[in-house]
Amino acid sequence: MSDYIIALDQGTTSSRAIVFDKKGSIISVGQKEHEQIMPRAGWVEHDPIEIRDNMREVIGIALGRANLSRHDIAAVGITNQRETAVVWDKNTGIPVYNAIVWQDTRTQPIVDRLAGDAGVERYKDIVGLPLATYFSGTKIVWILENVEGAREKAEAGDLIFGTTDTWVLWNLTGGPDGGVHATDVTNASRTLFMDLKTLEWRDDILADFGVPRSMMPEIRSSSEVYGEARDTSLLRETPVAGILGDQQAATFGQAAFDAGESKNTYGTGNFLIFQTGTEIVKSENGLLTTVGYKLGDGPAHYALEGSIAVTGSLIQWLRDQLGIISSAPEVEELAAKVEDNGGVYFVPAFSGLFAPYWRPDARGAIVGLTRFANRNHIARAALEATAFQTREVLDAVNADSGVDLTELKVDGGMIANDTLMQFQADILGVPVVRPVVAETTALGAAYAAGLAVGFWNDLDELRANWQEDKRWTPNDDVAERERQLRLWKKAVTKSMDWVDADVN
């Protein structure tokens, strides 16, 4: 009897393998960070080979720490950074260029060219997304136009594309020797190429972008057996049976399956997902329409999403670029040394502003500085930026759905920060709730895989696994909340209209 599921979480800063039992509890974890490659301002890359090798290593670490073998594992689930694009030679398995990360902004000229007179919402009614550097479609175009020989090899059928779920799946199931070239509907819905209604690639949009159809992976459901791990893996002959993009996986791991249920993930960026059921809801307030999940032959479930580019990565920036802190937890220690932000507001528009503004011309700004301000105030302002951005996204969700959320389920690395979570509740005016198992992204991928092989029977069994760990309730000072929001919105305006012909 195989008593466990293993989830492979290929994230923005690291790759992880996490083993779960039937109750959804974590048994063991293997994790390894990969290099963040930033060759120019606005460019962010990863080495796909490093990711592939790290993923193999963390599988061994997770199995070893739990004293398990492949025979103990019922299925493999995959979750991933969704919009990061990899293009590789299907004959050799060698990428033609580094993976271009979702935060990368180099493709803005391509976005402008495709938008033309029709504007950035040219395809939004079909794909649910505006034209933006965020999504993987323009990244493929950049590689085809800028990597020598790539266009010719793609036209000849030798190059294939995938987001990192596809890259992991292809390598795990054999690579050049019969690897499965597929993705699921949630990742496909982040490319700019998938029709939300038909769940198929749109040939007319691919033609507009100049991307050969032969490069695209097969679109499958989020929960089915795609293939088996091959002999090159410690998991050989284990079925790979679940794929969900990281934010949809976190929502699934929070047992937020039904229309009206939601979650907010605090990771490299922040992502609030609000389920709309089998109905496709078009946003009027700067949100994205995306696929939430699809289980086997069942119907697709959709969601509204508020995507924030920079939250946890802002803390990483304070550590790695400025040296204000030596470790991420230190930011809370500094923030706790002051009663408030001292009038300092930090708008981390490093990749422009995502939801609800969608302003690629914005750049990061720290405003309200006086001689009184010190690094404690800057640390606090950096934390508060996460909460303020989440409030603006939640306001957009409430406006689009017509129903105000009464509490916010949270997950991700930053929810260990009590100072941030209390301020988040205060600025939202609703309770913030943390689950016992905070690794909901990996858990969601495990759930999708387990459902496909009968490890779990149905969604009710998964709902029964969810347990509350901690709840933060807001203070009642409405006037202070509104004052802070007013100043935040004022700060946001100062970050806009920065990029022009001479500034990138």
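Biologist: In which sense do strand β13 and strand β19 pair?

Modeller: Strand β13 (residues 262–266) and strand β19 (residues 408–411) pair in the parallel sense, over two bridges. T265 stands opposite D411 in β19. Strands (E, at least two residues) and helices (H or I, at least four) are DSSP runs, numbered from the N terminus. Two strands pair if DSSP finds at least two bridges between them.

Biologist: What is this model, and how are residues numbered?

Modeller: The model is predicted: local features need pLDDT of at least 70, side-chain atom pairs count only at pLDDT 80 or more, and totals for chains, interfaces and linings use all residues. Residues are numbered from 1 along each chain as its sequence is written, and side-chain values use heavy atoms, with hydrogens and water left out.

Biologist: What is the strand order in the open sheet of seven strands?

Modeller: The order is β15-β16-β14-β13-β19-β20-β21, with mixed pairing. β15 (288–294) and β21 (468–472) are the edge strands, each pairing on one side only.

Biologist: Which strands does helix α12 lie across?

Modeller: Helix α12 (residues 375–401) lies across β13, β14 (270–277), β16 (300–308) and β19. Contact means heavy atoms within 4.5 Å. The helix runs at about 15° to β14. Axes are lines fitted to C-alpha atoms, for helices over the stretch in contact, and angles run from 0 to 180 degrees between N-to-C directions.

Biologist: New topic. At what angle do α9 and α14 pack?

Modeller: Helix α9 (residues 246–253) and helix α14 (residues 440–452) pack at about 80°, with axes 6 Å apart. They are therefore roughly perpendicular to each other (65 to 115 degrees; under 35 is roughly parallel, over 145 roughly antiparallel, the rest oblique).

Biologist: Which residues of α9 make the contact?

Modeller: D246, A249, A250, F252 and G253.
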